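Me: I have a structure I have not looked at before. Can you walk me through it?

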Amino acid sequence: MKLLDRLIRLAACATLAVAAGGANLPSALVGPGEWEVSTSAATSGDRICLMDPTLLLQWEHRGKRCERAILSSSPEHADVQYHCSGGGFGTSKVEELTPRTVRIESQGISDGYPFAFVLHARRVGPCQSH
């Protein structure tokens, strides 16, 4: 991974920590790892390596640079609002179901259209090197 990419990811994490004002996200979202992400708890999903699992909170806008603010949090739950450069925004409610599994309800505007969905994400281990 390039040094610039790492610095950008670290800055994103620092921005989230500052915006949180000391609030914590569920522990399942801490640290990099390989995640299985689906729109149904009953089906297996796509596997993706996430260096920053908080990107699950802005899944619809995961390729964009967004600023996030934690509206409320507890050890198992958080409500997050985000706005993206170039347009688009959303809110996400994350609930930690197990230490490796989260359920995320997300809604907002993407490319001028509304979206709403529920994600089920499970950390399956460390990222696999290719």
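This is a predicted model: local features need pLDDT of at least 70, side-chain atom pairs count only at pLDDT 80 or more; totals for chains, interfaces and linings use all residues.

Me: How many helices and strands does the protein chain have?

Reply: There is one helix, and there are seven strands. Along the sequence the pattern reads α-β-β-β-β-β-β-β.

Me: What share of the residues is buried?

Reply: Of the 130 residues in the protein chain, 35% are buried. The chain exposes about 7700 Å², and carbon and sulfur atoms supply 55% of that area.

Me: And what share of the contacts joins residues at least 24 apart?

Reply: Counting contacts between residues at least 6 apart in sequence, 43% join residues at least 24 apart.

Me: OK, the core. Which residues have the most contacts inside the largest nonpolar core?

Reply: Those are W35, L56 and V102, in a core of 22 residues. Strands β1 (33-38), β3 (66-74), β4 (77-84), β6 (101-110) and β7 (113-125) each supply at least two residues of this core.

Me: Changing topic. How many salt bridges are there?

Reply: The count comes to five. One of them pairs R47 with E36, with the closest N and O atoms 3.5 Å apart.

Me: What does that pair tie together?

Reply: R47 lies in strand β2 (residues 46-50) and E36 in strand β1, so the bridge links parts that are 11 residues apart in sequence. E36 is buried, at a relative accessible area of 15%.

Me: Which residues are joined with E36 in a network?

Reply: R47 and R122 are in one network with E36, joined by salt bridges that share partners.

Me: What does R68 pair with?

Reply: R68 forms a salt bridge with D52, and their closest N and O atoms are 3.9 Å apart. R68 sits in strand β3 and D52 in the loop between β2 and β3, so this pair ties together parts 16 residues apart in sequence.

Me: Are those two buried or exposed?

Reply: Both R68 and D52 are buried. For D52 the relative accessibility is 7%.

Me: What else does the side chain of D52 make a polar contact with?

Reply: The side chain of T54, at 2.5 Å.

Me: Where does R103 come in?

Reply: R103 forms a salt bridge with E105, the closest N and O atoms being 2.7 Å apart. R103 counts as partly exposed because its relative accessibility is 26%. E105 is also partly exposed, with a relative accessibility of 36%.

Me: How far away is the nearest side chain of opposite charge?

Reply: That side chain is R100, 11 Å away. E96 is buried and has no salt bridge.

Me: Then which backbone nitrogens does its side chain reach?

Reply: The side chain of E96 reaches the backbone nitrogen of A28 at 2.7 Å. A polar atom of the E96 side chain also lies 3.2 Å from the backbone nitrogen of S27.

Me: What is E96 in contact with, leaving aside neighbours within four places in sequence?

Reply: The contacts are P26, S27, A28, P75, E76, T101 and V102.

Technical notes:
Residues are numbered from 1 along each chain as its sequence is written. Side-chain values use heavy atoms; hydrogens and water are left out. Buried means under 20% relative accessible area, exposed over 50%, partly exposed in between (1.4 Å probe, protein chains only). Lys and Arg count as positive and Asp and Glu as negative; His and the chain ends are not counted. A salt bridge is a side-chain nitrogen of Lys or Arg within 4 Å of a carboxyl oxygen of Asp or Glu. A polar contact is a pair of N or O atoms within 3.5 Å; within protein, one must be able to donate a hydrogen and the other to accept it, and residues adjacent in sequence count only if both atoms are side-chain atoms. Contact means heavy atoms within 4.5 Å. A nonpolar core is a set of buried Ala, Val, Leu, Ile, Met, Phe, Trp, Tyr and Cys residues joined through side-chain atoms within 4.5 Å. Helices (H or I, at least four residues) and strands (E, at least two) are DSSP runs, numbered from the N terminus. Accessible areas come from the Shrake-Rupley method with a 1.4 Å probe; for residues, only the protein chains shown count as cover.
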